[in-house]
Amino acid sequence: MSNNVLTIRNLSVHYRTDRGELKAMRHINLDVPKRSIVGVVGESGCGKSTLISSIIRLLATNATIPNGSIEFEDRDLLKLSENEMRAIRGVRISIVFQDPMSTLNPVLSIGRQMTDIQYRDNKSQADKVQRSVDMLESVGIPDPASRLGQFPHEFSGGMQQRISIAMALQAEPSLLIADEPTTALDATLEVQIIHLLKALQTDMGCSILFISHHLGVIAELCDYVVVMYAGEVVEEGTTRDVFHHPAHPYTERLLQCDPASIVKKSRTLPTIPGDIPDLVTLPSGCVFKNRCEHVMEQCDTTTPDWTEHSNGHFVSCHRGRT
Amino acid sequence: MLFYVLKRVALSVVIVMLAVTLLYCMIHMVPGDPARILLGPRATPELIASMSARMGLDLPLPVQILRFFGNLFRGDLGMDVITNRPVADIVFGQLPYTLWLIFTAIVFAALIGIPLGCYSALHRNSLADRISGVLSVACITAPAFVVALYSLLVFAVTLHWFPAVGAGEKGAFWDQVSHLVLPAFAIGLSWIGYLARLVRASMLEVMGENHIRTARAYGLAERTVVYRYALKLAILPTVTVIGVGMGFLLSAALFTEIVFARPGIGKLIFDSITTRNYPVVMGSVLVSTALFVISTTLSDLINAWLDPRIRASL
């Protein structure tokens, strides 16, 4: 048995569009060790959502997976039948989505939705309801038994996200994917949700793949960080390594742009000049070359290899190599 | 909730009264003395005057309207001037025919249109979706009376599958059903297309929403996702449209009842207008207006029952 709950190797996802093949994700490697929290950072459009959708295999119909493997609990998810995959969703792998106000069905009661997803369990209805009550209790919903009959719009955004977390963890999955779970919430709630996730993760011993563009949250919560840029993983390592000794120019710039790290008083927020390259007509060489401060001759021609920068700290950059 | 229902009922009464007043004014503006037309060219002036008095036409218009409402609150819709029977008896005698016709038509349309719309939405841009799209538009554009005439010609006159005219023997269930098939088809056909397009559009919208992605991410069976999680939301606009569509259904029923020589409110309105039998016209229009108001209220209540968000805003 491997030490990872999730191992992604050489995974690419393309979308067929009118303009041609859009290479949304290319040759991704990613590990989620057991009982750990792995953060994925990157700006909008870097392939974070594609990554999640490909793990639970709910990609858009125009998507293709030309190569790669997604090993989960020693099975390649890409080789499973639709029914085998459906048996994993919500049981072994669960997701907490971004916008809590729209992720719950507005016309079905919370209790109905929470017991519906237990349809595979061979339990009585009363036991299922009890399970849901217990879960709501553990995410801090007061008086859960009486609130089961209520509908999503009767809860606040923070409460709805707690309910989503309760639903996701109800079946005690070994992997929880959290897709920017706090982006739609205010700062106070964000902290509460982060602490809740951390506590539940320790309790249940599951792993979390935490997607965010909020560097502060990642630093606080995650054991490992994966930095994505334009559909590629450019750096991966422990949170300490990546945040204190960033090896990729993109990670460096990203950390400089984090408002929390700005000490000098300035009228403008720092940004990374330039745009992500067009993913249909992808240029040769390094994907970050047009925005990089340290661009060299070889960046234009050859794609940098995925190399170990220091122990367990991987990067894809020509800098510092000969 | 109770307050909402009471409010709707009060509003309905106002709407019905306004409609009746409007109709009274319109009848008043139609040229020709109703009594004279009713009695024919050889009637004496005394006879015409006494007939006018019996119909209440000699009084000023506001008094006529007030008298109508006064009688209405006592459950009296007036007297049929030709047969001298109470209008209420005539109208409520004809009403079940029309109600059954409309009900059958809309159930028939819903049973075909809603699943067709779901199928089209779930197999978007497939050949079946395109064919259903073309057929739906064709159905929508075909007026009820044209469908009535052609189905009469094909299925009754040529093929002899169904009887051509009437509503069947009283008490003979299957005879009445077989008389119901063609008229209901004529009214329901355009609604199949209409409902199919509507359900397809709202289903496509709902299927793209985030909570559907959630339901799928929890491994719920596609059948559960579609028919329990999506359809309950996607059906809401359809319920509203059917409620409001009662008006169109009633006017379609009028033409269809004439074509099939079927008893019913529509036929009654048509016959009483041609004979200028105004008390009957008033009575049947009042009942159809009430029917329309009841059905819109009912559809709003069904929506509130289906959607807790609407319930909360009441």
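Student: Which way do Ile93(A) and Ile95(A) point from β6(A), and which way do Ser94(A) and Val96(A)?

Tutor: Ile93(A) and Ile95(A) point one way, while Ser94(A) and Val96(A) point the other way. In a regular strand the side chains alternate between the two faces of the sheet. All four residues are buried. A buried residue has 20 or more other C-beta atoms within 10 Å of its own, an exposed one has 12 or fewer, and a partly exposed one lies in between, with C-beta atoms placed from the backbone. This is a predicted model: local features need pLDDT of at least 70, side-chain atom pairs count only at pLDDT 80 or more, and totals for chains, interfaces and linings use all residues. Residues are numbered from 1 along each chain as its sequence is written, and chains are lettered from A and ligands numbered from 1 in the order in which they are written.

Student: What makes β6(A) and β7(A) a pair?

Tutor: Two strands pair if DSSP finds at least two bridges between them. β6(A) and β7(A) have four bridges, in the parallel sense. Val96(A) stands opposite Ala178(A) in β7(A). Strands are DSSP E runs of at least two residues, helices are H or I runs of at least four, and both are numbered from the N terminus.

Student: Why is β6 of chain A called an edge strand?

Tutor: Take the sheet order. The eight strands of this open sheet run β6-β7-β8-β3-β9-β10-β12-β11 (chain A), with mixed pairing. β6 (93-96) and β11 (307-310) of chain A each pair on one side only, and they are the edge strands. From one strand to the next the twist averages 20°.

Student: What does helix α1 of chain A touch on that sheet?

Tutor: α1 (residues 48-55) touches β3, β6, β7 (175-179), β8 and β9 (224-229) of chain A. Contact is defined as C-beta atoms, placed from the backbone, within 7 Å. The direction of α1(A) makes about 150° with that of β7(A). Angles run from 0 to 180 degrees between N-to-C directions, with axes fitted to C-alpha atoms, for helices over the stretch in contact.

Student: How do you know whether β3(A) is enclosed?

Tutor: Count its buried residues. Five of the five are buried, so β3(A) is largely enclosed by the rest of the structure. Ile37(A), Gly39(A) and Val41(A) point one way, with Val38(A) and Val40(A) pointing the other way.

Student: Which strands does β3(A) pair with?

Tutor: β3(A) (residues 37-41) pairs with β8(A) (residues 207-211) in the parallel sense, over four bridges. Four bridges also join β3(A) to β9(A), again parallel. Gly39(A) stands opposite Phe210(A) in β8(A), and its bridge partner in β9(A) is Val225(A). Val38(A) stands opposite Leu209(A) in β8(A).

Student: What is the order of the four-strand sheet?

Tutor: This open sheet runs β2-β1-β4-β5 (chain A), with antiparallel pairing. Its edge strands are β2 (20-33) and β5 (75-76) of chain A. β1(A) (residues 4-17) and β2(A) pair over 10 bridges. Thr7(A) has Asp31(A) as its bridge partner in β2(A). α1(A) lies across β1, β2 and β4 (63-72) of chain A, at about 70° to β2(A).

Student: How do you know that the span of α11(B) agrees with its residue count?

Tutor: The expected span is 1.5 Å times one less than the number of residues. The 24 residues of α11(B) (residues 236-259) should span 34 Å, and the end C-alpha atoms are 34 Å apart, which agrees.

Student: Where is the kink in α11(B) centred?

Tutor: On Gly245(B), with an angle of about 45°. The bend at a residue is the angle between axes fitted to the seven residues ending there and the seven starting there. Just after α11(B), Ala261(B) takes a positive phi of about 50°.

Student: What makes up the side of chain B that touches chain A?

Tutor: The contact takes 19 residues from chain B and 21 residues from chain A. α9(B) gives the most to the chain B side, with seven residues. That side divides into nine nonpolar, four polar and six charged residues. Asp, Glu, Lys and Arg count as charged, Ala, Val, Leu, Ile, Met, Phe, Trp, Tyr, Cys and Pro as nonpolar, and the others, Gly among them, as polar.

Technical notes. Two residues are in contact if their C-beta atoms, placed from the backbone, lie within 7 Å.
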